[in-house]
Amino acid sequence: RTADTWYLRGELARHRDELTAAVDAWQQALKIDPTHGEAQFGLGRVLAQRGQHEQAMEWLGRYVAAHP
């Protein structure tokens with residue numbers, strides 16, 4: 001599977017409110033392509049929703065740094 005495929009699986013899971021599955025899918029996308037911006041943003045957003053603020057800031061920071 002490609003990083004884009006994993007990203008889309010994450011989006012589908014998020015829309016179904018399956019946040020753990022979304023996080024898992026985006027982590028898989030980022031293993032394949034650590035610079036995948038949409039996966040970085042999605043992961044950061046969901047981690048923030050789950051109260052994992054430190055990890056969320058790490059991923060959102062990576063996204064912002066790569067997409068000024």
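Predicted model: local features only at pLDDT ≥ 70, side-chain atom pairs only at ≥ 80, totals over all residues.
The axis of a helix is a line fitted to its C-alpha atoms, taken over the stretch in contact when two helices meet, and the angle between two axes runs from 0 to 180 degrees between their N-to-C directions. The mean pLDDT of the chain is 96, and 100% of its residues reach 70 or more. Confidence is lowest in helix H4, residues 53–66, with a mean of 95. It is highest in helix H1, residues 3–15, where the mean is 98.

Two packed helices are described by the angle between their axes and the distance between the axes. Here the axes of H1 and H3 come within 10 Å, and they cross at roughly 30 degrees. Angles under 35 degrees count as roughly parallel, and H1 and H3 are therefore roughly parallel to each other. Their crossing is left-handed. On the H1 side, the contact is made by Tyr7, Glu11 and Arg14, while H3 contributes Glu38, Ala39, Arg45 and Val46.

Some of these residues also take part in charged pairs. Side chains of opposite charge can pair when their charged atoms come close. A search of the whole structure finds three salt bridges. In one of them, Glu11 is joined to Arg14, with the closest N and O atoms 3.0 Å apart. Both residues lie in helix H1, three residues apart, which is about one turn of the helix. Glu11 is also joined to Arg45 by a salt bridge, in which the closest N and O atoms are 3.4 Å apart. This pair links distant parts of the chain, since Arg45 belongs to helix H3 and Glu11 to helix H1, 34 residues apart.

Glu11 counts as buried because its relative accessibility is 13%. Arg14, at 23%, is partly exposed, and Arg45, at 30%, also counts as partly exposed.

Because Arg62 and Glu58 are four residues apart in helix H4, about one helical turn separates them. Arg62 counts as partly exposed at 38% relative accessibility, and Glu58 does so at 39%. By way of shared partners, salt bridges join Glu11, Arg14 and Arg45 into one network.

Two further residues show how parts of the chain meet. His36 is found in the loop between helix H2 (19–32) and helix H3 (37–49). Although it belongs to a loop, His36 is buried, with a relative accessible area of 5%. Leaving aside its neighbours within four places in sequence, His36 is in contact with Ala3, Asp4, Tyr7 and Leu30.

Gly44 is found in helix H3. Its relative accessibility is 0%, so Gly44 counts as buried. Beyond the neighbours within four places in sequence, the residues in contact with Gly44 are Ala56, Trp59 and Leu60. Gly44 and Ala3 are 41 residues apart along the chain, and their C-alpha atoms are separated by 16 Å.

Notes:
Residues numbered from 1 in each chain as written. Heavy atoms only, no water. Helix = DSSP H or I, 4+ residues; strand = E, 2+ residues; numbered from the N terminus. Buried < 20%, exposed > 50% of the residue type's maximum accessible area, 1.4 Å probe, protein only. Contact = heavy atoms within 4.5 Å. pLDDT = per-residue confidence, 0-100. Salt bridge = Lys/Arg side-chain N within 4 Å of Asp/Glu carboxyl O. Parallel < 35°, antiparallel > 145°, perpendicular 65-115°, else oblique. Left-handed = near helix turned anticlockwise from the far one by under 90°.
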